[in-house]
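Student: I have a new structure to learn. Can we go through it together, one question at a time?

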Amino acid sequence: MGSIVLLAEAAEAIDTIGNGLDALFATGMSPADDRDAIQWITELETLSRRVAAAQTGLVAVIDRDNLHAADGHASAKVMVRHHAKLSEGDAKARTQVAAACRDLPDVAEAWQAGQVGASQMRVIGEVHANPRVRPEMEARQLRLLDDAKPMSARRSAQT
């Protein structure tokens with residue numbers, strides 16, 4: 001399978017997601033009751049997390065393949081910051097999460113499945129950026145996930 005075919009498949013997948021969101025907006029978001037509202041919240045949050053994981057994965061590929069250089073950018077972080085119109089902090093966090101996912105495949109898999117929140121992943125990326133703790137994080141991925149999955153955003157911000 002050539003890269004052009006993969007690009008077409010990826011473009012089709014992105015179009016499908018976009019069309020799905022268009023349909024969601026067209027039908028309106030109108031939960032029937034509190035239980036339905038909770039289901040809406042969790043379903044949309046899971047989708048949001050999965051999209052964020054895809055954004056992070058893209059940063060990793062841009063970095064790995066040095067794709068930022070042809071565009072004249074010094075790094076994947078700079079390229080993504082510029083084209084996605086991100087703040088420096090958001091671009092740095094996305095880059096740190098991409099690096100953590102590279103070294104922590106169980107964490108990356110949970111992120112892609114929408115089981116871990118963006119706030120928790122940001123903390124994981126920030127901690128992983130410290131080279132002294134990386135080996136310990138790699139050795140304890142499952143424990144890290146057990147701690148991160150139920151953690152609230154407020155709690156992850158305090159760690």
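Student: Where does L47 lie, and is it buried, partly exposed or exposed?
Tutor: L47 lies in helix α2. Helices here are DSSP runs of H or I with at least four residues, strands are E runs of at least two, and both are numbered from the N terminus. Buried means under 20% relative accessible area, exposed means over 50%, and partly exposed is in between, with a 1.4 Å probe and protein chains only. L47 has a relative accessible area of 46%, so the residue is partly exposed.

Student: What kind of model is this, and how are residues numbered?
Tutor: This is a predicted model, where local features need pLDDT of at least 70, side-chain atom pairs count only at pLDDT 80 or more, and totals for chains, interfaces and linings use all residues. Side-chain values use heavy atoms, with hydrogens and water left out, and residues are numbered from 1 along each chain as its sequence is written.

Student: How many helices and strands does the chain have?
Tutor: Read along the sequence, the pattern is α-α-α-α-α-α-α-α-α. The count is nine helices and zero strands.

Student: What does the C-alpha trace span, and what percentage of residues is buried?
Tutor: Along its principal axes, the C-alpha trace spans about 50 × 40 × 35 Å. The chain has 159 residues, and the buried share is 25%.

Student: Which percentage of the contacts joins residues at least 24 apart?
Tutor: Contact means heavy atoms within 4.5 Å. Take the contacts between residues at least 6 apart in sequence. Of these, the share joining residues at least 24 apart is 55%.

Student: How do α2 and α4 pack, parallel or perpendicular?
Tutor: Axes are lines fitted to C-alpha atoms, for helices over the stretch in contact, and angles run from 0 to 180 degrees between N-to-C directions. Angles under 35 degrees count as roughly parallel, over 145 as roughly antiparallel, 65 to 115 as roughly perpendicular and the rest as oblique. Helix α2 (residues 34–64) and helix α4 (residues 88–103) pack at about 80°, with axes 8 Å apart. α2 and α4 are therefore roughly perpendicular.

Student: Which residues make the contact of α2 and α4?
Tutor: From α2 come Q55, T56, V59 and A60. From α4 come R94, T95, V97 and A98.

Student: Is T56 buried or exposed, and what does T56 touch?
Tutor: T56 is found in helix α2. Its relative accessibility is 5%, so T56 counts as buried. Not counting residues up to four places away in sequence, T56 touches R94, V97, A98 and W111.

Student: At what angle do the axes of α4 and α5 cross, and which residues make the contact?
Tutor: The axes of α4 and helix α5 (residues 105–112) come within 5 Å and cross at roughly 120°. That makes α4 oblique to α5. The contact is made by V97, C101 and D103 of α4 with P105, A108 and W111 of α5.

Student: Is Q141 buried or exposed, and which residues does Q141 touch?
Tutor: Q141 is found in helix α8 (residues 141–148). Its relative accessible area is 9%, so Q141 is buried. Leaving out residues up to four places away in sequence, Q141 touches D103, L104, P105, D106 and V107.

Student: Where is S30, and which residues does S30 touch?
Tutor: S30 sits in the loop between α1 (3–27) and α2. With a relative accessible area of 60%, S30 is exposed. S30 and W40 are 10 residues apart in sequence and 9.2 Å apart in space, C-alpha to C-alpha. Not counting residues up to four places away in sequence, S30 touches D36 and W40.

Student: What is the phi of N66, and what is the phi of K85?
Tutor: N66 is in the loop between α2 and α3 (76–84), and K85 is in the loop between α3 and α4. N66 counts as partly exposed at 43% relative accessibility, whereas K85 is exposed at 69%. N66 is not a glycine, yet has a positive phi of about 55°. K85, also a residue other than glycine, has a positive phi near 60°.
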